[in-house]
Amino acid sequence: MKEVKYKAYSLNNYLSIPQMEKLSNEAKRNLEVVSNVFPFKVNNYVVDELIDWDNFENDPMFHLTFPQKGMLLPHHFDEMATVLDESTDKACYKIASNKIRAQLNPHPAGQQEYNIPEIDGQKLWGLQHKYRETVLFFPSSGQTCHSYCTFCFRWPQFVGMEELKFAMKETELLVKYLEKHQEVTDLLFTGGDPMIMNFKVFHKYIEPFISSENKTNIQTIRIGTKALSFWPYKFLTDDGADDFLRLFESITSKGINLAIMAHFSHPRELETEAVRQAIQRIRKTGAQIRTQSPLLKHINDKPEIWSDMWRKQVNLNCIPYYMFMVRDTGAQHHFAVPLADAWEIWRKAYQNVSGICRTVRGPSMSCTPGKVQILGVSEVNNEKVFVLRFLQGRNPDWVARPFFAKYDEQAIWMNTLKPAFGDQFFFEEEEETKKSFDED
Ligand SMILES: *Cc1c(COP(=O)(O)O)cnc(C)c1O
Ligand code: SF4
C-alpha cells in the first residue's frame, strides 16, 4: 500500500483544506464559533476518503468531524459569536468559551468524584476503577486523537482545560495498583486515543504486562481506539506500523487476550481499502477487534445503518460489542436520540441480523451507578414502563437485575427517569451511602 503522510487541520488552518471552498461564508462562520468551544481537528484521510463532498451538508462523516451550529444552544452560540465580533483578544475568547464549557457538564457519570483510585494515600489521576474487573488507564501521551468526533464526551480533555485531564506519567504506579488488586483482570488503555502514540512510547506502557516479572492478574489488554476509522495507516505504512503488529503478536502469544476496542459510527468507515487491510493485519496477530459506537442523531439514527454496520464488521472478522446512548455532557442536546426511539432502532437493527452479529449489547447509558441497558418498553398493570438492567454496576451485585422506570417519550438519559412502582430505584439508597468499592 502506498504511504500516505498524516496532515492535520484545526481552527488555525482549516481554510487550507481544498474542499472548504464548498462551504458558504455563513457555514465557515458557524464552524469558527462552535470550535471555539468544542475541539476541532480533522485529517487528510477523513477529508479525502470518508466525507462525501458532493453532499457534505447531510454527510454523516462531515457531521462526525466538523463542528455544527446546532451543537451550541442558541444563547451560547450568540454569546460566543458576540465575543468574536467585539474583541480581537484571544484571552477574551478563552474566558467566554470556558464559561460556556463549565455549563456543559464536563464531568459526566461522577468521573472525578468516584472513580479515581488511591495507593498509599496518593490519588492515581491517570486511572479509573469503576467496575471490579476492569481498570481504565489514560496514558499521558495518548490524550489526543487523529481527528476529533463532534459528539465526544471526552471533549474537555482536548480543549486545554488542564485540570480536567486524567493522565498519568508513569506505569509504575499502575502496575503497583494492579498487583495489589488481583480482582482486576482487564486493563483498558484509553485516551484520547492510545494509538496516537509512537511505537517507542506505547511499548513502554505495555512492556511491564508482557514481562514475566509482573505479578498482576491482567488477562485481557484492551485498547480503545478510533485509529482504524480515522487513520488506518497507523497499522499499514506509518513509521512503526510493523513494530506495533509484532508487539500485538507478542502479547497474544503470551496467552493474553488482546482486544482492540474499535470505534465505528457508520458503515462508511469500514469501506476503504486502507481500513480493510488494517483490520486484516491486526487480526493476523491474534488480536480481536470489538466494535462500539454511540447512537447519534444526524449520523447513524436509522436501523439499516446499524444492521449494515454490524454485518460488515462481522464479515471483516470484527465482533460487534456496544451501542451507547449519547452521554449527558457537551452537545448531548444535538446528538441525543430519545430512549424510546433508541430501543426501536436497536430492535429493528437487531432483528435484521443473524445471531453471529448479536454479540452487541445496548442501547446502554454509562451513568454514575453503572451501564444501564434499555431492554425495552412494556406494560405492567396497565402502566407503560421502560424495562432496564445493569450491564455493569458500581456494585457488581446490581448487574443483570431487571428494574422498571416510568415511560417517558422524551427522556434521553437516566437522570430524568422516574422509578415505576415505588419512589426509589433499587440501587439508589445504597448508592447514596456507599463509597466506591475500589477504595480500601
Ligand atoms: C464501559 C466501561 C468499562 C468496561 O465495561 P465492559 O462491560 O467490561 O466492557 C470499564 N470501566 C468503565 C468506567 C466503563 O465505562
Ligand atoms: S476518537 Fe474517541 S476520544 Fe477521540 S474524539 Fe472521537 S470519541 Fe472522542
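Colleague: What percentage of the 440 residues of the chain count as buried?
Modeller: 57% of them do, where buried means under 20% relative accessible area, exposed over 50% and partly exposed in between, with a 1.4 Å probe and protein chains only. Bear in mind that this is a predicted model, where local features need pLDDT of at least 70, side-chain atom pairs count only at pLDDT 80 or more, and totals for chains, interfaces and linings use all residues. Residues are numbered from 1 along each chain as its sequence is written, chains are lettered from A and ligands numbered from 1 in the order in which they are written, and side-chain values use heavy atoms, with hydrogens and water left out.

Colleague: Fine. How many helices and strands does the chain have?
Modeller: There are 15 helices and 15 strands. Those are DSSP runs, numbered from the N terminus: H or I of at least four residues for helices, E of at least two for strands. The radius of gyration is 22 Å, close to the 22 Å that the globule rule gives for 440 residues, so the chain is as compact as a globular protein of that length. That radius is taken over C-alpha atoms, and the rule is 2.2 Å times the number of residues to the power 0.38.

Colleague: And what box do the C-alpha atoms fill?
Modeller: Roughly 60 × 55 × 50 Å, taken along the principal axes.

Colleague: What share of the contacts comes from residues 24 or more positions apart?
Modeller: Among contacts with a separation of 6 or more, they account for 73%; a contact means heavy atoms within 4.5 Å.

Colleague: Now the inside. Which residues have the most contacts within the largest nonpolar core?
Modeller: Phe66, Ile221, Leu228, Phe248 and Met414, in a core of 131 residues. A nonpolar core here is a set of buried Ala, Val, Leu, Ile, Met, Phe, Trp, Tyr and Cys residues joined through side-chain atoms within 4.5 Å. Helix α14 (residues 339-351) gives the largest share of this core, 7 residues.

Colleague: What does Met414 touch?
Modeller: Leaving out residues up to four places away in sequence, Met414 touches Met365, Cys367, Val372, Phe403, Phe425 and Phe427. Apart from that core there is another one, of 6 residues, including Tyr321, Tyr322, Phe324 and Leu391.

Colleague: Switching to Val34: buried or exposed?
Modeller: Val34 is buried, because its relative accessible area is 0%. You'll find Val34 in helix α1 (residues 25-35). Its contacts, not counting residues up to four places away in sequence, are Pro67, Gln68, Lys69, Met71, Leu72 and Phe77.

Colleague: What is the phi of Asn381?
Modeller: Positive, about 50 degrees, although Asn381 is not a glycine. Most residues other than glycine have a negative phi, and most peptide bonds are trans. Asn381 is in the loop between β13 (370-380) and β14 (383-393), and counts as exposed because its relative accessibility is 71%.

Colleague: And Phe421, where is that?
Modeller: In the loop between β15 (402-406) and α15 (428-433). Phe421 also has a positive phi, about 60 degrees, and at 43% relative accessibility counts as partly exposed.
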